[in-house]
Each structure stands twice: as C-alpha cells, then as structure tokens.
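Here are some notes to read alongside the structure. They go point by point.

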Amino acid sequence: MEFLQYPLALVVTLGVLITFHEFGHFIVARWSGVRVLRFSVGFGRPLFSRVDRHGTEFALAMIPLGGYVRMLGEQEPGEVTPAVAPRADDISLDQLSVWWRMAISAAGPAANFLLAILVYWLLFVVGSTSYTPVLGEIPEDSPLAAAGLSADLELVAVDGARTDSWQQVNTALAGRLGDSGVITLETRLPGSSSSRTWDIPIASWHQGAGDPDLFGSLGIVPRVPAIVAEIVPDSPAAQGGQLRVWDRIVTVDGDKVDGWFDWVERVQQAPDQELVLGVVRNGQLMQISVTPGSATLEDGSRVGFIGVAAMSNKVSFGPVAALSRSIEETWDKTALTLGFLKKMILGQVSVKNLSSPIMIAKVAGDSARASWQLYCGLLALLSISLGVLNLLPIPILDGGHIVYGLAEVVTGKPVSQRIQIIGAQIGLVLVSGMVLLAIYNDIMRLL
C-alpha cells in the first residue's frame, strides 16, 4: 500500500497544477465572450463529463498528464473545418482581437504564478519552524576549511540572501551552479549579534554535473549542535538553575556528546538521575549537574526530560505582510527557474538535472509523508516551473501562441497556416525530446 502513495501524490499534484492552469485560460476566454466548447483535465477518453448552461463540457479524462481548453474556432494547424458548428450568437476565437487571444494564452501561466503566491501566503501566515543552519565538522581538504571556517558557526546568509533553514541554503547555492567567482557566506557564533563574511572561490561550479553535491563539494556538513537556545520556564533545567542559554553541551558523565540528538537520547535514558555535564560557556569549559524529570509514555515506559530547546528559526507573518512576502518569494523562485534554463541552454548546467513525472511522483510522495507544509512548498515551486515552461516561445506552448500574436501585431496579419504547421512540428519534437530525456534521467537515477 505504501507504493500507492507515489502515483496518488502524482495524480493529486498534477491535477491541482493542471486545473489551475487551464482555469486561467478558461476564465479569460469567458471574459472575452468566446464560446468555450470543452474544459478538460487530462487527455484521452473522458471518465466523467457534464455540460453547463453555456454549452461548455467539463471533462475529467483518463491520462492525467495535461489538459486543455477548447474554444470555438480554435483549429489545430492543418485542420480544415471547426469541430463544432457555431450557433447564431456565438463568438469564435478567430473573431477576437489579437490582444484577447494573447491574453487567453498568457492566462494559463499567470494562474500558475497566482497559485504559487496563494500557497506561499498560506505558508507564511501559518508559519514554519526549522533547525537553524549550523556547520558541523568541516573536512580538512574542503574549500570551507581552506577559507578558515570552523564548526558550530551559524550560516546567516549566502550571497546576501538570508538563510533561516537548510532548505534556503540549498536554494541559494543551487542558484550558483555553473558559475565562476566567489560564493559569499555570512556566519556568526550562536547567540552573537556580530557576523563575518567569507568568500569561497568557485570555477565553473559543477558545470555539466548531474545531481551535484552542493554541500559536500564545499565542505558543508549540516548539524544540529547540542546548544541550549531556550529554557522552558518551570522545567527541570530552569529549576536546577545551572544551565544557561547558549551553553554548548560537550560531555555527559564524561562521554562526548555528538550533537543535539545524541544529547536528547542521553537525557531520555536517565529519568530522575543526576547527570554531570561538560559545557562550554563564553569560551570556558566548565562542569555543571542537572537532574532530568520523568515522563511516562503510553506504553508505560519512563523517559527523562529537562525542558530545553535546540537552535531553530520560526518564520511567520501577518496576512498583509505575508502577501508581499509571498509575491517576493514567487518572484525569486521564478528568477531562479529562468536562471536554470539559461544555464542549461548555455551548457553551464547539465541537462541531466531535468526531471519527469517519475521524479515528481517520488518527491511529492516523500514530501507529503514528511509534512503538509513541505508538500505545499513543493507544489508552489512546481507551479512556478509549469508557468515558466509554458511561457517558452515554443509553438505548441502558450509562449509560442503569444509570439504568433506579437508577430500579428507587428505585421498586421495572422501567421500563415504553413508556418504554424511547421512550428507545431518543431515544437512537438522539442517538447517530446525534453520529456524523453527527463524520463531517461529519472530511470537512470532510480537504477
């Protein structure tokens, strides 16, 4: 049954993205007055359909890998007669001005960007908490070691972009794929208000590499250090009075502590037992004692707790501030996606990084299992990618139709059927080639 979560996640994800995209086309087509014949989510034989009072058929088809909005007068290149005879009061697509036709084409991608804004707005209003990005032990032969960085430094920003989580660090570094120059890291000691910047030199960074190791190649080892960032009032730690905020736990009863989770495990194993801690406070090593409290689990077992929290960042905004922040996030992710496409065309980023629905299914399934926030973040990013890809000037995509419209504005006459047929054939080859390459990449990743 666990295997079914991946195709289910794929169907739900594509269903949401496609429905929003096609609804953008549909609503602007309705505003223009053109008769919409069919709104279909999926291709092939309809599994379900109904017709509204305007004569539009809404269909859910068998193959959930796309969708379309069919309008009166909309002809595929080479089609001689329209599929449906017009009624007396109908307006067909070819009767619309070129500006309305371009607006209908642009509305699909615009709906995808709007969906991303709405999803990011929800995430910013609800808020999220993530572990603060702190460097672990740095390999001696790594670029970070050569620059002089050390463990337990908090990563504040990458190239000036604030990084409250490891996901933001990864996104910022991904934007530098294929570049030469320096990556500027801003760090500070936990609890400190002063920071320092470090320039890490790169040259054609991961150019041509598939699935590049962004962290490992620099020497970044993510870590949740055993540093006390918060003490809960009236907890055993607060009542004991010896632990302080920003104490770094290095030993428990003389044994070395390997990060936060090791520290938590030691505490849980010692309910109501005094522990002697080696802590670093203000650069000085000292010993203190603490006695964990005891909590009883549902199975009757007892575990220790002391009431302290690890270093973490909570990001949340009010409804108004979240709107501007969500627009900014959508803009940044759109710029990142366009940057990837540019670098891929120039050969700075390998085409091995293209992914198909196979990988979308895996990532969507895994993110949905992890948390709904992580899944929604993925949904927003995929929606932006769909919007950007559909705006590419390829004839069978929305961007291609917009280019045809602009050509009509310039020349004063529609693009000829012959050119549209040739364009459609070229576009089909390009899109099919990208899809096949992406599927090949995903199969090789799985193997």
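1. Start with histidine 21. Its place is in helix 1, which covers residues 5–32. Keep in mind that this is a predicted model.

2. Is histidine 21 buried or exposed? Its relative accessibility is 5%, and buried means under 20%, so histidine 21 counts as buried.

3. Look next at what surrounds histidine 21. Setting aside neighbours within four places in sequence, histidine 21 is in contact with Gly108, Pro109, Ala111, Asn112, Leu386, Asn390 and Asp398. A polar atom of the histidine 21 side chain lies 3.3 Å from the backbone oxygen of glycine 108.

4. Now turn to the largest nonpolar core. This core has 25 residues. Leu135, Leu144, Leu173 and Ile183 have the most contacts inside it. At least two core residues come from each of strand 5 (154–158), helix 4 (166–174), strand 7 (181–188) and strand 8 (196–202). Helix 4 gives the most, with 5 residues.

5. Apart from neighbours within four places in sequence, leucine 173 is in contact with Val158, Ile183, Trp205, Leu214, Phe215, Leu218 and Ile220.

6. Strand 11 (residues 248–252) and strand 13 (residues 275–281) pair in the antiparallel sense over 4 bridges. Threonine 251 has glycine 278, in strand 13, as its bridge partner.

Methods: Residues are numbered from 1 along each chain as its sequence is written. This is a predicted model: local features need pLDDT of at least 70, side-chain atom pairs count only at pLDDT 80 or more; totals for chains, interfaces and linings use all residues. Side-chain values use heavy atoms; hydrogens and water are left out. A nonpolar core is a set of buried Ala, Val, Leu, Ile, Met, Phe, Trp, Tyr and Cys residues joined through side-chain atoms within 4.5 Å. Buried means under 20% relative accessible area, exposed over 50%, partly exposed in between (1.4 Å probe, protein chains only). Contact means heavy atoms within 4.5 Å. A polar contact is a pair of N or O atoms within 3.5 Å; within protein, one must be able to donate a hydrogen and the other to accept it, and residues adjacent in sequence count only if both atoms are side-chain atoms. Two strands pair if DSSP finds at least two bridges between them.
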